[in-house]
Amino acid sequence: MCLSSSFVDQSNIITVMCDDMGWGDVGFNGGKRIKTPHLDTMAKQSLVFDRFYSASAVCSPTRGSVVTGRIPYRYGIVTGNKGHMKPEEFIIYEALKTQGCRTGHFRKWHLGTLTLHDKNLIPFRQLDWWNGTGDR
């Protein structure tokens, strides 16, 4: 994973994942039923990636693919909230940290089960802020 320092110096990277929310459900994509004013404002002021591939039909494998860039069978979580991501896995948080970025994760982690006392497990070793399942 390669990130240029000029990109990182000028950017905030925010990834929003919502379970059971479709592409057309948000206001900035034409959705009317669900009110998404904060997401709509972020979309107006940001670069929005609207072409993507979901690696799985369930949450854990999909989340893992987003942070690793790999398919679930490669990093070790193929079903919802079972197992652990391999400790040797290189994830986007690590790439950002090499460029001096601060990283955080807020709310649903669901990348396998968490052992709260093992500080070598992802996410504990890469995140500056943690407010998700489990306690830091």
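**Reading the model**

Tutor: Valine 16 has a relative accessibility of 46%, so this residue counts as partly exposed. Please bear in mind that the model is predicted.

Student: Where is valine 16 found, and which residues make the nonpolar surface patch of about 270 Å²?

Tutor: Valine 16 lies in the loop between helix 1 (5–10) and helix 2 (37–44). Its 46% relative accessibility makes it partly exposed. The patch of about 270 Å² is nonpolar, and its members are Ile14, Val16 and Met42.

Student: Which residues make up the largest nonpolar core?

Tutor: In soluble globular proteins, nonpolar side chains tend to be buried together. Here the largest such core has 10 residues in all. They are Val67, Tyr75, Ile77, Met85, Ile91, Tyr93, Trp109, Leu111, Leu127 and Trp130.

Student: Which residues are in contact with tyrosine 75, leaving aside its neighbours within four places in sequence?

Tutor: Tyrosine 75 belongs to the largest nonpolar core. Apart from those sequence neighbours, its contacts are Ser60, Pro61, Thr62, Gly64, Ser65, Thr68, Arg70, His84, Met85, Lys86 and Glu89.

Student: Is glutamate 89 buried or exposed?

Tutor: Glutamate 89 meets arginine 70 in a salt bridge between their side chains, at 3.2 Å from N to O. The pair links distant parts of the chain, 19 residues apart: arginine 70 is in the loop between helix 3 (59–68) and helix 4 (72–75), and glutamate 89 is in the loop between helix 4 and helix 5 (92–98). Arginine 70 is partly exposed at 30% relative accessibility. Glutamate 89 has a relative accessible area of 5%, and therefore counts as buried.

Student: How many salt bridges does the structure hold, and which residue forms one with aspartate 128?

Tutor: The structure holds 2 salt bridges. In the one formed by aspartate 128, the closest N and O atoms are 2.7 Å apart, and the partner is lysine 97. Aspartate 128 sits in the loop between strand 1 (104–107) and strand 2 (129–132), 31 residues from lysine 97 in helix 5.

Technical notes:
Residues numbered from 1 in each chain as written. Predicted model: local features only at pLDDT ≥ 70, side-chain atom pairs only at ≥ 80, totals over all residues. Heavy atoms only, no water. Core = buried A, V, L, I, M, F, W, Y, C linked by side-chain atoms within 4.5 Å. Buried < 20%, exposed > 50% of the residue type's maximum accessible area, 1.4 Å probe, protein only. Contact = heavy atoms within 4.5 Å. Patch = residues over 30% accessible without salt bridge, like charges linked within 9 Å, V, L, I, M, F, W, Y side chains within 5 Å. Areas by Shrake-Rupley, 256 points an atom, 1.4 Å probe, with all protein chains shown as cover. Salt bridge = Lys/Arg side-chain N within 4 Å of Asp/Glu carboxyl O. Helix = DSSP H or I, 4+ residues; strand = E, 2+ residues; numbered from the N terminus.
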